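Please walk through this structure with the sequence beside it. The text below takes a few places in turn.

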Amino acid sequence: MYSDRKEFLKKAGSVALFAALGIQYTACSSSTGPETNNDDDGNGENPITIEGNKVTLDISSSFFDDLQNQGGMVVSVSGGFLAVNVDGTTIRAFTNVCTHTGCTNNWNLPGDRFVCTCHNSVFNLNGRPISGPAERDLAEFQVSRNGNTVVIDKG
Ligand code: FES
């Protein structure tokens with residue numbers, strides 16, 4: 001059921017629609033993680049665990065499987081991060097708090113940049129602002145990966 005929802009999310013294109021539904025908008029090779037620590041899809045998996053400043057993802061889960069491939073991106077509002085697979089293996093993660101005025105949930109992730117659609121600030125995959133009103137880098141988090149387990153340490 002969730003994979004159908006995910007496909008819907010990928011194919012629909014209206015930020016306004018997502019906002020109206022209370023759903024995080026993402027685009028192209030991006031996806032949205034579950035917004036709780038619960039087993040949202042009811043299959044016995046828990047693809048995200050938040051313990052203090054550490055967020056653990058199971059990227060074999062359909063919620064985060066975009067992180068398996070280069071250019072795959074996800075945003076998690078509950079986890080407080082943006083993540084991207086930069087080379088097929090390495091995953092980088094940044095805060096989802098835009099350095100312009102702090103929007104957290106209006107990210108468009110086209111695969112090669114992070115776009116905050118609140119006022120159209122664009123950040124490259126190093127978290128550096130490249131256009132729009134934001135002037136400061138997105139804070140980067142430490143990431144460790146062991147197979148399909150990814151741990152984001154938000155410090
Ligand atoms: S808060 Fe992100 S561009 Fe303004």
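**A hairpin, a strand end and a loop**

The model is a predicted one.

Strand β4 has a partner. Strand β5, residues 81-85, pairs with β4 in the antiparallel sense, over four bridges. In this pairing, Val 84 of β5 stands opposite Met 73. The two strands form a hairpin with four residues between them, and Gly 80 in this hairpin takes a positive phi near 70 degrees.

Thr 95 itself is found in strand β6, residues 91-95. Is Thr 95 buried or partly exposed? Thr 95 counts as partly exposed because it has 17 C-beta neighbours inside 10 Å, and a residue needs 20 or more to be buried. Thr 95 and Gly 127 are 32 residues apart along the chain, and their C-alpha atoms are separated by 9.1 Å.

The last stop is the loop between β8 (114-116) and β9 (121-123), where Asn 120 has its place. Most residues other than glycine have a negative phi. Asn 120 is not a glycine, yet its phi is positive, about 60 degrees. With 14 C-beta neighbours inside 10 Å, Asn 120 counts as partly exposed.

Key:
Residues are numbered from 1 along each chain as its sequence is written. This is a predicted model: local features need pLDDT of at least 70, side-chain atom pairs count only at pLDDT 80 or more; totals for chains, interfaces and linings use all residues. A residue is buried if 20 or more other C-beta atoms lie within 10 Å of its own, exposed if 12 or fewer, and partly exposed in between; C-beta atoms are placed from the backbone. Two strands pair if DSSP finds at least two bridges between them.
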